[in-house]
Amino acid sequence: MGYTVSVIIPSYNCLAYLPKAIESILQQDRNDVEIIIVNDNSTDGTAEYLESLRQQELGIKVMTTKGLGASAARNIAIEHAAGEYIAFLDADDYWYPGKLTAQLALHDADPSVAMSFTNYDHVNEKYQYIVDCFGYWNQFKEVTTPSYGITQPLALVLAHNVVGTSTVMVKASVFKTVGMFDVDMSYCEDWQLWLKICEQFEVALLTKSYTGYLMRSDSVTQTDSKRLQHLECIEHIINDYKQRKLGLSKHTFALADAKLKEGYADYYRTQRKFINALCFEGYSFLLNPQIRRIKNGLGDIKKLILTPLRSYL
């Protein structure tokens with residue numbers, strides 16, 4: 001049968017979470033979906049689980065790689081995908097019912113849209129709601145319709161970076177124009193790809209949350225040693241766009257820099273380097289005043305007062 005959507009899941013030692021992710025796809029109200037799971041050298045029983053699942057469920061394709069990383073795993077799956085659209089889901093995230101139908105309806109209503117994404121919820125390890133992405137970053141509050149075509153997608157995605165990988169759907173033909181994930185990048189390769197798509201194509205979003213994003217304490221991307229490298233990668237991409245003449249405004253770069261500085265502030269806060277955190281938070285506030293940045297700065301001042309000098313120098 002022909003597939004409308006190919007859902008791609010890269011997985012490395014995520015057996016504790018993978019069944020929930022896959023089940024959330026199987027429970028979508030579509031029967032024109034293939035699921036491509038790339039088992040990237042897992043050692044936790046993922047291979048056995050996927051083999052059993054493949055025999056039970058039609059439309060599931062299992063691929064095995066030897067520790068290539070998520071970007072290369074996604075690229076291989078894209079090359080083998082049969083769907084008109086490609087949707088991404090990380091192995092420890094999951095979709096809410098109706099996600100694919102709502103997103104495909106958006107694309108059907110406006111065939112010029114090449115990429116879409118949705119709001120998503122941060123949840124803890126008990127799958128309890130924490131906050132939604134758009135709400136936390138104070139985005140799209142003025143939008144009163146379920147879907148929204150972005151007027152200047154490159155400016156918005158560069159300034160705010162609110163695209164969750166597990167919410168993205170892209171026309172498969174787009175990858176022939178922009179290429180795929182950069183396997184030489186250790187971080188931000190997904191954001192970089194979304195930006196490349198935004199440079200050349202129409203992009204739209206759904207304001208409703210359709211994905212649960214799991215905040216894992218043991219996540220590779222959440223460790224302090226990785227966070228600083230991640231922030232440096234973001235800074236490199238922003239600086240690269242500053243060098244290019246694409247008509248982006250100073251305001252766009254101010255918003256992008258503000259979010260980056262806030263990220264640095266949060267990183268130094270976790271290191272208990274409150275002077276550094278306060279400086280970055282203050283810089284972020286000057287670039288883009290937000291109430292949360294005032295609260296964070298006041299918290300840093302309080303900790304500076306209560307913490308012995310030698311502990312944060």
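Leaving aside neighbours within four places in sequence, which residues is Leu255 in contact with? They are Ala159, His160 and Asn288, where contact means heavy atoms within 4.5 Å. This is a predicted model in which local features need pLDDT of at least 70 and side-chain atom pairs count only at pLDDT 80 or more, while totals for chains, interfaces and linings use all residues. Residues are numbered from 1 along each chain as its sequence is written, and side-chain values use heavy atoms, with hydrogens and water left out.

- Leu255 lies in helix H10; helices (H or I, at least four residues) and strands (E, at least two) are DSSP runs numbered from the N terminus.
- With a relative accessible area of 12%, Leu255 is buried (buried is under 20%, exposed over 50%, partly exposed in between, with a 1.4 Å probe and protein chains only).
- Leu255 and Ile35 are separated by 220 residues in sequence and by 37 Å in space, C-alpha to C-alpha.
- The second largest pocket has a volume of about 250 Å³.
- Among its 15 lining residues, Gln139, Ala155, Leu156, His160 and Leu255 are the closest to the pocket centre.
- A pocket is an open set of points on a 1 Å grid over the protein atoms alone, where a 1.4 Å probe fits, with protein on both sides within 12 Å along at least five of seven lines; lining residues have an atom within 4 Å of a point.
- The volume is the space filled by probe spheres set on the points, which are joined across faces, edges and corners.
- Helix H6 (153–160) and helix H10 (250–270) each supply at least two lining residues, and the largest share, four residues, comes from H6.

**Nonpolar cores**

- The largest nonpolar core has 56 residues, of which Phe88, Met115, Phe117, Val170 and Trp194 touch the most other members.
- A separate second core of 22 residues includes Val7, Leu18, Leu53 and Leu100.
- Such a core is a set of buried Ala, Val, Leu, Ile, Met, Phe, Trp, Tyr and Cys residues joined through side-chain atoms within 4.5 Å.

- In helix H1 (residues 18–26), the buried residues are Leu18, Ala21, Ile22, Ser24 and Ile25.
- These residues are on the same side of H1 because they cover an arc of only 155 degrees around the axis, taken from the directions from the helix axis to the C-beta atoms.
- H2 has Thr46, Leu50 and Leu53 buried.
- Their arc of only 65 degrees around the axis puts them on the same side of H2.
- Exposed Glu48, Gln55 and Gln56 are on the face of H2 turned away from its buried side.
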